[in-house]
Amino acid sequence: MSEEQGDGQHGIVFPWTEGRRSTTATGRAVVAEALRAADPVGAASAERETNWRQGYLPHFRRLVEAGLPSAEAATGIARAGLASLHERMRVVVDGSEEPVAAALDGTGAALASETVRGTGAPERELSIPYRGDRLSGDRLRRRLDDWLDRGVLEPTAHQAVSAVIENPDWLELSDRTVVVLGAAAEMGPLRALLRWGARVAAVDLPRPDLWDRLFADTRQLAGSMTVPVAARDGDLAPRAGGDLVHDLGTVTRWVADLDGPLVLGNYVYADGATNVRVSMAVDVLSDKVIRERGVSDVALAFLATPTDVFAVPAHAVERSVRNYAERHTSKWLRVPLRTLSGGRLLRRNYRPGSEPGINDSVVLQQGPNYLLAKRLQRWRATSYRTDGGLVSLKVAPPTRTRSVLKNRALAAAYAGAHRFGVEVFEPGTANTLMAALLVHDLRTGNPGQPHPWQDEADGAVHGGLWTCAYDPRSALGLAALLGLGAAR
């Protein structure tokens, strides 16, 4: 979808600004309003940005930096950003445009429920697919040790997955309903949860081919999958599904009536501006369900993208600094490349001694809408955790998903990333690993850290982007050149 949206849309939409539905004007204003109290200079800078599509990067970085002085500052940024989005986004129904909260007043026919039950035996040992094999027990422990030794994941992620290995009974999640919003997402936990015998409620678009595939998978596994369906006769797949963007009120009522306690898992994704629209829909749904059922009955789950800006612990900075000093394979290239590029290539990832460091792994080609959608999720996680809610937000590794591979430049960069110490995961490995981290957080209660940046860094599987010798964007072009042949 283009950056500037035309008219004729319905459901959740961007607001009219200067005669059009401008994602640029909205994104710029939301970032500025999020920064206003904590960083007035940063807010003014965002407002003056005339080339948002190319110049958005420093402003999203500032959203992280401005929150570092205190937990209160970070939470204030999160709450202000959420408030701005809820105030600005709109819903169009039958040609009438209203505030986005009015999407909950939809008058569509109520959705019924159907449950598909698996016939398999539940797995009671954590196993993770990896490079054509399936690792469990000591072999999985050795792989975790290797990832830790190479700086692919945080020590807290190693500890959390190790705890799940040692407590296989944690995999049994029948005491709660896990709502998987974006059920068909490659990075989602659906298959892993069903293998472990979980009770899942699945929401995705009403597409019969999608549901035929999900139902076939479910029947072979151990758990159960409850889905929203149109209350009419006929085969199940053509009746299944719910559209969050265009029929949010109906889907929200269906979710709110599910047996609990609930885990609301946000795994939605769409291209371009639609990603913000569907992420906004999930946020409105989540807010409504929390208000109806209470903090004690609802947990929230998210996957953060590694290609974003994060504050990272001192040990990651120290590892990166060592890697920069010891990077023998590229030392002979580093000086001439930096000289020829005017310092743009192979820059240090951090200034030595930074605590915390700021890792900026944003990929320019992904665009400001992608980053705004992901930042909305991080803001909700911070706000809800501050309110006393249980949150599992984990940084997922760079992964060869279909959405990544269709971008030729990013696919090539991922193919060459190993040359710079970054491991790119296959979807099956990544989604099972992240599902295990979700289990850990649900079973331990995931007590909060002193500062929201520490919550976001906890349990991160960043693939080595945080410990890489070089600023990721300064190595991306070279990685793409090195990986061009492999990506074809």
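The model is predicted, so local features are described only where pLDDT is at least 70, side-chain atom pairs count only at pLDDT 80 or more, and totals for chains, interfaces and linings use all residues. Residues are numbered from 1 along each chain as its sequence is written, and side-chain values use heavy atoms, with hydrogens and water left out.

Let's begin with single helices. The helices (H or I, at least four residues) and strands (E, at least two) named here are DSSP runs, numbered from the N terminus. Helix α7 covers residues 155–166. How far apart should its ends be? The expected span of a helix is 1.5 Å times one less than its number of residues. For the 12 residues of α7 that gives 16 Å, and the end C-alpha atoms are 16 Å apart, which agrees.

Next, look at what is hidden. A residue is called buried under 20% relative accessible area, exposed over 50% and partly exposed in between, using a 1.4 Å probe and protein chains only. In α7, the buried residues are Ala 157, His 158, Ala 160, Val 161, Ala 163, Val 164 and Ile 165. Among the elements that cover them are α6 (137–149) and α17 (427–444). Helix α10 is mostly covered too, with 8 of its 9 residues buried. Those buried residues are Leu 248, Gly 249, Thr 250, Val 251, Thr 252, Trp 254, Val 255 and Ala 256.

Now for helices in pairs. Two packed helices are described by the angle between their axes and the distance between the axes. Here the axes are lines fitted to C-alpha atoms, for helices over the stretch in contact, and angles run from 0 to 180 degrees between N-to-C directions. Find helix α5 (residues 71–88) and helix α14 (residues 367–386): their axes come within 8 Å and cross at roughly 120 degrees. That makes α5 oblique to α14, because angles under 35 degrees count as roughly parallel, over 145 as roughly antiparallel, 65 to 115 as roughly perpendicular and the rest as oblique. The crossing of α5 and α14 is left-handed, a word used when the near helix is turned anticlockwise from the far one by less than a right angle (right-handed if clockwise).

Which residues bring α5 and α14 into contact, meaning heavy atoms within 4.5 Å? On the α5 side they include Ala 74, Ile 77, Leu 82 and His 86, and on the α14 side they include Leu 372, Trp 379, Arg 380 and Thr 386. By class, this contact of α5 with α14 has 8 nonpolar, 6 polar and 2 charged residues. In this scheme Ala, Val, Leu, Ile, Met, Phe, Trp, Tyr, Cys and Pro count as nonpolar, Asp, Glu, Lys and Arg as charged, and the others, Gly among them, as polar.

Helix α14 has another partner, helix α1 (residues 23–35), and their axes come within 11 Å and cross at roughly 35 degrees. This crossing is left-handed. Thr 23, Gly 27, Val 30 and Ala 34 in α1 meet Asn 369, Leu 372 and Trp 379 in α14. The residues of this contact divide into 4 nonpolar, 3 polar and no charged.

From α1, follow the chain to Asp 39, in the loop between α1 and α2 (40–48). Asp 39 is buried, at 12% relative accessible area. Leaving aside neighbours within four places in sequence, Asp 39 is in contact with Arg 62 and Ala 66. Ala 66 sits in the loop between α4 (57–65) and α5, and at 11% relative accessibility Ala 66 is also buried.

Most residues other than glycine have a negative phi, and most peptide bonds are trans. Asp 94, in the loop between β5 (90–93) and β6 (96–99), has a positive phi of about 55 degrees. Is Asp 94 buried or exposed? Asp 94 is exposed, with a relative accessible area of 78%. Asn 446 has a positive phi of about 40 degrees, but at 12% relative accessibility Asn 446 is buried. The bond from Gly 260 to Pro 261 is cis, with omega near 0 degrees, and so is the bond from Glu 355 to Pro 356, with omega near -5 degrees.

Definitions and conventions
Contact means heavy atoms within 4.5 Å.
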